[in-house]
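Hi,

Here's the structure I said I'd pass on.

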Amino acid sequence: MQTQLFIHGEWRDGAAGKTMEVVNPATEQVVAEVASAERSDVDAAVAAARGALAGPWGALSARERGRLVWQLGERLLGRADEIARLETLHNGKPIFESRQIEIPAAAECLQYFAGWADKVHGETVPVKGNFLTYTLREPIGVVAAIVPWNFPLLLTVWKVAPALACGNTVIIKPASQTPLTALALAEMAAEVGIPAGVINVVTGPGATVGQMLVEHPGIDKIAFTGDTATGKQIMRASADTLKRITLELGGKSPNIVFPDADIDAAVRGATTGIFYGKGEVCAAGSRLLVATSIRAEFLEKVAARAAKMVPGDPMDPKTRLGAISSKHQLDRNLRYIDLAKKEGATLIAGGGRADIGTGKGFFLQATVFADVTPEMTIAREEIFGPVLAAIEFADVDEAIARANQTPYGLAAAVWTKDIKKAHHVARRLQAGTVWINTYNVYDTAAPFGGYKQSGFGREMSLHALEHYTQVKTVWVDLNQ
Ligand code: NAD
């Protein structure tokens with residue numbers, strides 16, 4: 001397991017020798033001491049990334065770059081069992097999710113963007129006058145990828161894959177709680193022959209190391225996923241150096257169930273929509289909007305399914321609800337549960353801390369509240385845990401109004417067998433992703449990102465290429 005900083009192809013301690021503890025949230029044990037970077041380490045990482053941009057990485061052909069990114073995907077697949085265990089170790093997510101879904105998705109993302117490397121190109125432009133005018137699509141430069149703890153490797157790769165494919169170099173700043181898989185990614189990059197300086201990892205607190213990256217004049221772009229408040233702070237702090245930024249922020253995504261839906265499918269969608277990843281998912285379906293006419297039957301089924309989602313040892317392949325990522329997040333969930341009760345919501349499933357028989361770990365029951373009104377705190381604020389707020393609506397217009405009654409706009413879902421109604425509602429929802437009769441499906445070829453205060457820019461898909469390239473126009477005078 002790598003625990004040092006990775007700068008210019010070398011593993012090293014932080015300049016001041018400081019470290020941070022990484023805790024397994026399922027056992028509460030410290031599993032690693034990871035280096036904490038200082039300003040001089042950040043400067044060294046920037047120098048390494050700038051050097052590689054002008055040097056070995058910039059000198060490679062686009063196809064050769066693509067081949068190396070593809071090989072990084074192959075290496076990740078080859079080490080998938082080990083990397084999935086590492087992901088579960090520091091995050092507490094079920095091994096089923098890390099091994100079967102997220103590590104394969106990360107490898108697929110690398111290989112999808114590897115394919116783009118030699119297909120991103122400029123155009124010739126039919127201008128007036130006797131000129132040859134063409135565009136070059138060039139990398140932006142050094143990209144800092146600032147990543148949260150909920151999908152530590154996948155969200156890193158969503159940034160690193162398009163950045164490298166387009167010829168940029170990167171500095172990764174993983175979340176302090178979950179740095180292990182980003183460090184493993186750097187190790188694999190070196191193994192497949194990606195040149196020194198192309199991928200660097202600086203670990204340390206967001207308030208210091210993250211902030212240094214955001215303000216650093218040697219960095220050209222920030223790709224950030226995390227809290228909306230942090231996103232706003234990053235936007236302000238990056239203004240002085242006019243960095244390019246893409247922000248993928250929080251959500252309070254509505255899952256709308258109409259009376260003519262396939263009820264059992266919608267019950268499954270409502271529960272996996274909030275309980276996958278322990279609800280620590282930016283696109284979690286945390287607001288369940290149910291038509292009044294089916295409310296009682298529907299919520300009974302949702303509560304019954306939630307009761308069966310018993311938290312278990314994240315390393316057990318049968319577990320579907322793991323440990324909350326940290327004590328801090330567990331307490332935050334419990335505070336919101338308390339507040340929901342005080343504000344008059346009705347608890348119909350879960351609601352408390354769980355013990356998996358070890359007396360240790362940050363486990364929380366799958367929790368569902370009924371009788372939530374749009375004004376209640378749990379209907380408005382992102383909890384970021386396995387806590388579902390069920391709200392009623394009377395008709396299509398009220399469903400849409402309630403769905404859009406949030407500053408967020410990351411995702412939404414509609415459950416109905418009426419195809420016209422489904423498309424009508426999809427058009428009126430203010431969200432970057434709308435699922436119809438499904439929830440939480442993603443593909444590297446499909447764009448993902450926010451409307452409103454859920455951020456801007458798109459990750460994955462060809463739209464991501466726009467955010468990792470800039471266009472240069474070249475004019476050639478052809479007059480004699
Ligand atoms: P955060 O936004 O503070 O952290 C995300 C990343 O940003 C981490 O790597 C962190 O070290 C870094 N960071 C923090 N402050 C920074 C700064 N000033 N400058 C640069 N980088 C900085 O998120 P958090 O504190 O880990 O979680 C708080 C809440 O954010 C959660 O409870 C949840 O509601 C939300 N969240 C959302 C997402 C998402 O994907 N939308 C992911 C994680 C957390």
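Below is what turned up around the ligand.

Keep in mind that this is a predicted model. The ligand sits in the largest pocket. Domain 1 (5-249 + 454-475) and domain 2 (254-443) each contribute residues to the shell around the ligand, so the ligand lies between the two.

Who are the neighbours? There are 26 residues around the ligand, and the ones that come nearest are Val147, Trp149, Lys173, Asp227 and Leu249. Sorted by class, the shell holds 12 nonpolar, 10 polar and four charged residues.

H8 gives the most, with four residues.

At Val147, a polar backbone atom is 2.8 Å from an oxygen atom of the ligand. Gln211 uses its side chain instead, with a polar atom 3.1 Å from a nitrogen atom of the ligand. For Arg332, an N or O atom in the side chain lies 3.3 Å from a ligand oxygen atom. As for how covered the ligand is, it exposes 820 Å² when taken alone, and the protein buries 89% of that.

Cheers

Terms used. Residues are numbered from 1 along each chain as its sequence is written. This is a predicted model: local features need pLDDT of at least 70, side-chain atom pairs count only at pLDDT 80 or more; totals for chains, interfaces and linings use all residues. Side-chain values use heavy atoms; hydrogens and water are left out. A residue is near a molecule or strand if one of its heavy atoms lies within 4 Å of it. A polar contact is a pair of N or O atoms within 3.5 Å; within protein, one must be able to donate a hydrogen and the other to accept it, and residues adjacent in sequence count only if both atoms are side-chain atoms. Accessible areas come from the Shrake-Rupley method with a 1.4 Å probe; for residues, only the protein chains shown count as cover. On a 1 Å grid over the protein atoms alone, a cavity is a set of points where a 1.4 Å probe fits but cannot get out, and a pocket is an open set with protein on both sides within 12 Å along at least five of seven lines; lining residues have an atom within 4 Å of a point. A molecule sits in a cavity or pocket if more than half of its atoms lie within 2 Å of its grid points. Helices (H or I, at least four residues) and strands (E, at least two) are DSSP runs, numbered from the N terminus. Ala, Val, Leu, Ile, Met, Phe, Trp, Tyr, Cys and Pro count as nonpolar, Asp, Glu, Lys and Arg as charged, and the others, Gly among them, as polar. Domain bounds come from an automatic or database domain assignment.
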